[in-house]
Structures are given as structure tokens and as C-alpha cells.
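I opened this notebook to keep track of what I looked up in the structure. My entries follow in the order in which I made them.

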Amino acid sequence: MDWLGLQLFAALPTSGQILLDCQHEPFLVSLAYVVVCAASFATLDMAERQSHSENPSARRQWRVLGACCLSGGIWAMHFISMLAFRAPLEIHYDVALTGLSLLLALFAAWLAMNSLDRRDMRPRHYLQAATCIGLGITLMHYVGMAALQTSAQQYYQTSLLLASLGIAIAASLVALLMARYFRNGSGTLHLVMKYGASLLMAAGIVGTHFTGMAAMTLVIPQGASLSLPTSDNSLQLGLTIACITLLISASSISAALADKKLQSKEHDLRRVSVLLSQLDQARVSLQQAAHYDALTNLINRRGFNQVFAERLADHAANESMLAVMFLDIDHFKRINDSLGHAAGDDLLKVIADHIKAATRSQDLVARFGGDEFCIVTSLNNRDEARHLALRIMQRMKDPIDLGGRRMVMTTSIGISIYPDDGRNTEELLKNADLALYQSKGCGRNNLNFFNTGLRTRATLELQLEEELRVALLEERGLCVHYQPIFDLHTGQVAKLEALVRWQHPQHGLLGPDRFIGIAEANGLIADLDLWVLRRACEDLAQLNRHGYANLKVTVNCSALTLGREELPADVEMALLLAGLAPWQLELEVTENALMGDIHRVINLLKRIRGQGVALSIDDFGTGYSSLAYLKRLPLDVLKIDRSFIQDVPASQKDREIVQAIIMMAHTLHLQVVTEGVETVEQHEFLAAHGCDYLQGYLLSRPVPLADLRPVLERLDRQDSDFIACADTAVPGSPDLFADSPGYRAGASIARRGH
Ligand code: C2E
Ligand code: CA
Ligand code: CA
């Protein structure tokens, strides 16, 4: 077959002269290989860049550059190799065909770069692309060979021709695979492998060329004249083409390198900006967590401090008023203790909603932790603060369904006003807290404004706390007074209630109301109660030795003391040290002390009662205990609170309540003590309705141990006119006693009785 003057798939002619003296110049062959190696490396680089560019126009640029590098490399290799070809002939090149061969090389290279741009390459795609590229390269080679114009004719051996095509296709396939593989990766190993791949690719291309050359036999036709080569400038030409191609490859590689650096910088920048935005987000959520309370979504103390400082600055600028309200949920601890913390949390959420609903949108509402809330509101006058506080208190009384129960909560509020009660956050919060303390102190479910008296009291309390600590430590100043409890059945004093007093060096004799609260708030109460317990036991032992063998002593026990596991052991030790029998001691606990963890409390009380010590429930009717509670508790005595007897017998309602309590207690097999009995009428009423014991100023006020004997003797005379002698029974503090209306009433009735 004659194709562009080439004899393909044709047998050698029978006539003519075969040129055997054909060689290749080794230097130029090596140069051709170097050139194609550089071009292969550059092409792999371009392919890598092409795949890393996100911009479509940049991808196109790299594709064009890659195609130029590869086609230039292949073509230059071919051309230099041809220049290396030495035959005893004069050789010319057909420019048009040479140009066409260059175009074919360009086409094959473009095809290669194009297939590398595919996102998803399957084996089928590789084979198709490799076949096309291989065909293109082979075509380029044979067109290039056709451009060779000599007096000889080119005959091609079929097997080697096909082998050259096979090598071209195989080389293209390997090149595609490698180019694909080297798109990603970095480091020295990657670079070394890329060098190896370039050498291999170049070897494939050179292999195609030289297999094609091996397939060629030059035959000088019969009768043709043999023109020998005249001048040989092939070395200069080869070097020039090599230089140009190498220059193109080198500049492409440097462009790729620069782009790579730029892209990695861009990438770094993008990463930095992503990191920065992530950091920003983290900061925002951290700030959210740091400034907001997760449970109620209200701002927390930290957030409050920040916002409040800004509000204060605003109000300072226009000299307007501001109220700071401290809010504490009454007896919240009981909910936590009895219904669990999850219920407590639910309750706090509802309460937060109640507060929000009662306030205006511009008011600042914060949760400081636990059941403490703080509200800041702008005002025109003090009354606005009072109205808001009342609104909150009212709202708080809306029934709340919690854990299958319906409950009503109340709240105590303390208010301080800017600028009257303080000009900075700290001062205003402290003063609102003092006002809250006052609200809690006067029975809760209350609101109070700050006043300077509170500050004076707080300072005094602080001082008292210090002094009480010392007094307890040095056992100095504290003493116990005893108030008789009269048995209505025997007509004799059966028990003495131990009531603590503090002989203060400056303030004189202080009653427990002045310092029990301080002791409870500062962790001193357990020591104080224990001290009273021991002293009471010792004093009763002394009375025993003086002939009062049947007396019992009752000792008050605070809720906090009841929380101590060591209490049964302390009681046992106090009895042992004083040498008393357990039946001679009775512990008085208030209803509220029995709330909280009821199982634990019952367990503790049972241990104490198991020792033989009696237990009484104090101030009955003022707390929250239910009948169900009472039934479960291991009790012996119930003390009706003074408030129920105050208006007896005048108030019919109170008379009925007292009667009902006595009946209920007896049903539960509890003995009944009524405290605060101040008049004979009260005495008579209680005696008539089955009360077991009486305690009150009518019989005697609490007196020191030293003054107790005459009181006991008087009361034990079992004479109803003991009341007449009441005034002689108070030698300790006649003023105090004389001031008591109960005393006056009792005394006048007694006198009438005479
Ligand atoms: P309480 O246990 O209810 O004690 C009875 C209080 O009522 C005593 O006040 C007593 O003086 C007073 N009182 C008795 N009869 C009458 C009366 O006819 N009319 C009036 N108006 N009052 C009467 P006191 O001694 O001031 O004690 C107050 C509270 O302090 C006690 O109430 C008790 O809860 C607590 N307390 C006293 N001593 C101790 C103690 O050692 N430990 C603990 N934890 N608390 C104590
Ligand atoms: Ca008591
Ligand atoms: Ca009481």
C-alpha cells in the first residue's frame, strides 16, 4: 500500500538497491530522549495543575499548555531523532508534511490532556483514550516519515509497524494512568516517582519512534541516481530544537510550580479564614454558654454584670432611677429534697417563665443560680418597683403542675434603688440582698425595700456571728433558761424546756431569736444545739440530785442539727456523761425540720427514739406537715403553737382548731402540750378539752437554773392559786415579765380568784 509515498504492508521490490548503511547519531538520539523526558515531566505537571484548578478557564489554560508541552516534546523527539538518522543519501524535508505531523502531535496531546480532565475515568475510557492517542502518535510518526524526501523509497515491515502502533498505544495507556495517579500527592517520594514516570513515558514515545524506524527499509529504485549528502547542519538544528523545547518545558514547569505555590497559599488563606470563622462561632457559643443560664435561658450572673454595668452607665448619664430586685423562691429546697432535682429544674423553668411574663420586655431578668433571680427595671418612682414586685408575687401564686402534683409557690423579694441605695453594681446587689434577707426573716412571701437600718443590722449580725463563734469556742456567755411544762393530769411540773440565752457583754441578755438565725446561717447551730443538750442534761442531773427525780428536760433541735448523722451518738454521749436515763430527755423538732429527705429523717428519728429518748413536734400548725406525714413519724408529743392559743377562748375558730388538733393528736397516740398559755381562761379551756400539758407565762417564764427551785415548788403545790404567786416566780427579770400582757391578765384573774 502506497500511503503518502510510504510503502506500507508491502513486500520489498525485487529490483532496486537496499540501503544498509543507515545509522543513528548517538548524541542526538540521547538529546531526543532528554527532550521528551523533560516534556513528559512538564506534561505530568500540567495534568496535575489542571486537576487542581477550580476555575474552568485556568483548567483550559493548563490543558493547552500541557498539550503544547507533550506535542512539542513528541514532535521535537521525532525531529531530532530524524536528524540523528544517518544514511548515504541527500535528505530534504517536506515542510507541509512536517507541519502536518506537528499538528497531529498536537491533536494526540490535546486528546490526552482532555481525557485527563474527566472527573470519572473507567477502564473503558482509559482504553479508548490510549488507542486514540497511540494512533495519533503513530500517525504523526508516519506523516513525519513521509516528510522525509530522498531518492530512496521507504518500505515498512508489517509486524514492526504494528508493533510501533502497539507500543504507542501501550505507552499512552501507561502515561494516562501515571498522569492520573500523580495528580495528587506531594513530598520527595512523589517527586522521585514522577521523575521515574517521565522516564518511562519518554521511553514509550522513543520506543514507538525507533520501532517505526526499525520497520523501515530504504530502497533506491532501479535506475535512480544516488545523490550523497552535501552539508550536515543536523547537530545545530537538533540543538536548537532541543533548546526551544526544553525552554518551553522548563517555563511550563516553573509556571506550574508558581501556580502550585500560589494555590497552596490560597488554600492556606482559605483554611485560615475557615478556622477564623469557626473560632468566631466557637467564641459566640462560648459567650452564650458563659453569659446564659442553660436551664432557663435567662442571663446568668456574669451576663448580668455586663449588661447591668451598661444600664447603670445609661442611668447615670440621664440621672434616672433604677430598681434592683432580688427574688428567692420560698422553701424551694423542699421541692428538690422531696420531688428530686429534675422536678426542681422543671419548677425553675416555669418560675422563670412566670417572672418573664410579669416583667416588661425591656426589664433585665437574670438567674444567679439555685432559686435566686434578679430583675432590673427602670423607674419613675419607687411605687413602680413595688407594683412590679407585687405583680411577680401574684403571678408566682399561679398553681404549677409538677410531678403529678399541683403546687403554689411563693416568693420573697428584696429591692434596692439606684441612685438612693447605691451607685454601683456591688452596692446595689448587696443592699437588695439585705432587703431580701429581711423579707425572708419576716415570714417570707414578702417584699422589702432596702433601708440604712438593714445595713446597720447586717453589720451588727456580722459582729454577733464572730462573737458567737468565740462564745461557743470558749463556752463563755451562753446559758440555758428553763421553762416548766405542767402536767394537767398530775397537777405537777413534768418537764422543763431548755431555752438558750446569751449574756452579751454589750447588748445584755440576748434571746435565741437574736442569734439562732445567725448560728444557722453560719454553720454554728450544730455546736450550739449540742452545747445546750449537754448543759441541759447536766443541769437536770443536778436537779435530780436535789430531789427532782421525775423531771424530764426537753431540748430544741434545729433542722440543720437533724441533718447530722452523728446526732444519735451525741445524744447518747450527753446522757451518759450526765448520768441520765434516756426517758428523761425529749427532743423538740419543728415540722419544717421534718421535711426534706423524709426517709432519712425517719430513720434518724427512729434511731434516737430507739435509745428511749422521746420526740416531740414543735410549733405544730405553723409548718407544712400533713396527717400522712404525722402518721409515719416516730413521735411521742405534739406541741400546739402559741399562735393558735393567743385568741382562745375569744375566737371560736381558734377554739375549734385547738380542739381538732388535740383530738387528732390523741387519735395518733400523741400527747399534747400547748405553749404560750398566758391566761387562766386559756388554761381552763385546755384542761376542759383534754390537753395533757401546759407551758406558758401563766405558769412561769423561762428562768435560770438557780431560780428554778422556787418556781417548781410553787407549781408543785398543786394548788390552783399557784397563779397568784406568779410574780414572785420571776426574780430574774421582772421588767420583761411585767411587760407581758399575759402576765398582767393572769395576775389580775388570780387576784380576782382570791
Ligand atoms: P420555742 O421552741 O417555741 O420556745 C418557746 C418560746 O416561746 C420561748 O421563747 C419562750 O420563752 C416563749 N414562750 C413561752 N411561753 C410563752 C408565753 O406564754 N407567751 C409568750 N409570748 N412567749 C412564751 P424563746 O426562749 O425566746 O425561744 C424562741 C425560740 O428559739 C424557741 O421557740 C426555739 O425555737 C428557739 N430556741 C430556743 N433555744 C434553742 C436551742 O437551744 N436550740 C435551738 N435550735 N433553738 C432554740
Ligand atoms: Ca421548743
Ligand atoms: Ca414552740
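This is a predicted model: local features need pLDDT of at least 70, side-chain atom pairs count only at pLDDT 80 or more; totals for chains, interfaces and linings use all residues.

Residues are numbered from 1 along each chain as its sequence is written, chains are lettered from A and ligands numbered from 1 in the order in which they are written, and side-chain values use heavy atoms, with hydrogens and water left out.

Next I looked up the domains, whose bounds come from an automatic or database domain assignment: domain 1 (2-222 + 231-263), domain 2 (301-450) and domain 3 (482-744). I found 37 Å between the C-alpha centres of domain 2 and domain 3.

Which residues coordinate the calcium ion (ligand 2)? Counting as donors N, O and S atoms within 2.8 Å of the metal (3.2 Å for Na, K and Ca), with water not among the atoms, so that sites may look incomplete, I listed E497 (OE), N556 (OD1), E588 (OE) and D618 (OD), at 2.1 to 2.3 Å. E588 lies in strand β21 (residues 585-590) and D618 in strand β22 (residues 614-620), so the pair ties together parts that are 30 residues apart in sequence.

Are E588 and D618 buried (under 20% relative accessible area) or exposed (over 50%), with partly exposed in between, using a 1.4 Å probe and protein chains only? E588 is buried at 1%, and D618 is buried at 6%.

Methods. Helices (H or I, at least four residues) and strands (E, at least two) are DSSP runs, numbered from the N terminus.
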